[in-house]
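Please examine the sequence and the 3D structure shown below. The briefing that follows describes the fold, the surface and several individual residues.

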Amino acid sequence: LARKALQLDRDKWYPVRVTFHGSEATVQVNDVVMSGAHAVLSEPKTGANLLVFGRSAGFRNLKVVTGK
């Protein structure tokens, strides 16, 4: 849907925000924002997966919020 190369320093925390609105998903990592759209994104969500490619990743202050 969308790709953007990022330079991320090892051992540094970065704020990440993922937002779904209808058929669009927006991802913000630090100050970089990217969006993509697909019909499947507008389907009801029953779970979320945080995939990590590479050695490791950490998550802190993780919040999942639903809007109505």
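**Briefing on a predicted protein model**

The protein exposes about 6,700 Å², and carbon and sulfur atoms supply 50% of this area; accessible areas come from the Shrake-Rupley method with a 1.4 Å probe, and for residues only the protein chains shown count as cover. This is a predicted model, in which local features need pLDDT of at least 70 and side-chain atom pairs count only at pLDDT 80 or more, while totals for chains, interfaces and linings use all residues. Residues are numbered from 1 along each chain as its sequence is written, and side-chain values use heavy atoms, with hydrogens and water left out.

**Overall form and surface**

- The C-alpha trace of the protein spans about 35 × 25 × 20 Å along its principal axes.
- Of the 68 residues, 9% count as buried; buried means under 20% relative accessible area, exposed means over 50%, and partly exposed lies in between (1.4 Å probe, protein chains only).
- Among the contacts with a separation of 6 or more, 26% come from residues 24 or more positions apart, where a contact means heavy atoms within 4.5 Å.
- The protein carries 10 positive and 5 negative side chains, and the centres of the two sets lie 4 Å apart. Lys and Arg count as positive and Asp and Glu as negative, whereas His and the chain ends are not counted. The place of a charge is taken as NZ of Lys, CZ of Arg, CG of Asp or CD of Glu.

**Strands and sheet**

- The protein contains zero helices and three strands, and its pattern along the sequence is β-β-β. Helices (H or I, at least four residues) and strands (E, at least two) are DSSP runs, numbered from the N terminus.
- The three strands form an open sheet in the order β1-β2-β3, with antiparallel pairing. The edge strands β1 and β3 each pair on one side only, and the twist averages 15 degrees from one strand to the next. For such angles, axes are lines fitted to C-alpha atoms, for helices over the stretch in contact, and angles run from 0 to 180 degrees between N-to-C directions.
- Strands of a sheet pair through backbone hydrogen bonds, either parallel or antiparallel.
- β1 and β2 pair in the antiparallel sense over six bridges; two strands pair if DSSP finds at least two bridges between them.

- A25 is found in strand β2 and is buried, with a relative accessible area of 13%.
- F20 stands opposite A25. Leaving aside residues up to four places away in sequence, A25 touches T19, F20, M34, S35, G36 and L41.
- A25 and L51 are 26 residues apart in sequence and 16 Å apart in space, C-alpha to C-alpha.

**Exposed residues outside the strands**

- Most residues other than glycine have a negative phi.
- D11, in the segment before β1 (16–21), has a positive phi near 65 degrees. D11 is exposed, with a relative accessible area of 78%.
- N61, in the segment after β3 (32–37), has a positive phi near 55 degrees. N61 counts as exposed at 69% relative accessibility.
- D31 lies in the loop between β2 (24–29) and β3, and counts as exposed at 70% relative accessibility. D31 and Y14 are 17 residues apart in sequence and 9.6 Å apart in space, C-alpha to C-alpha.
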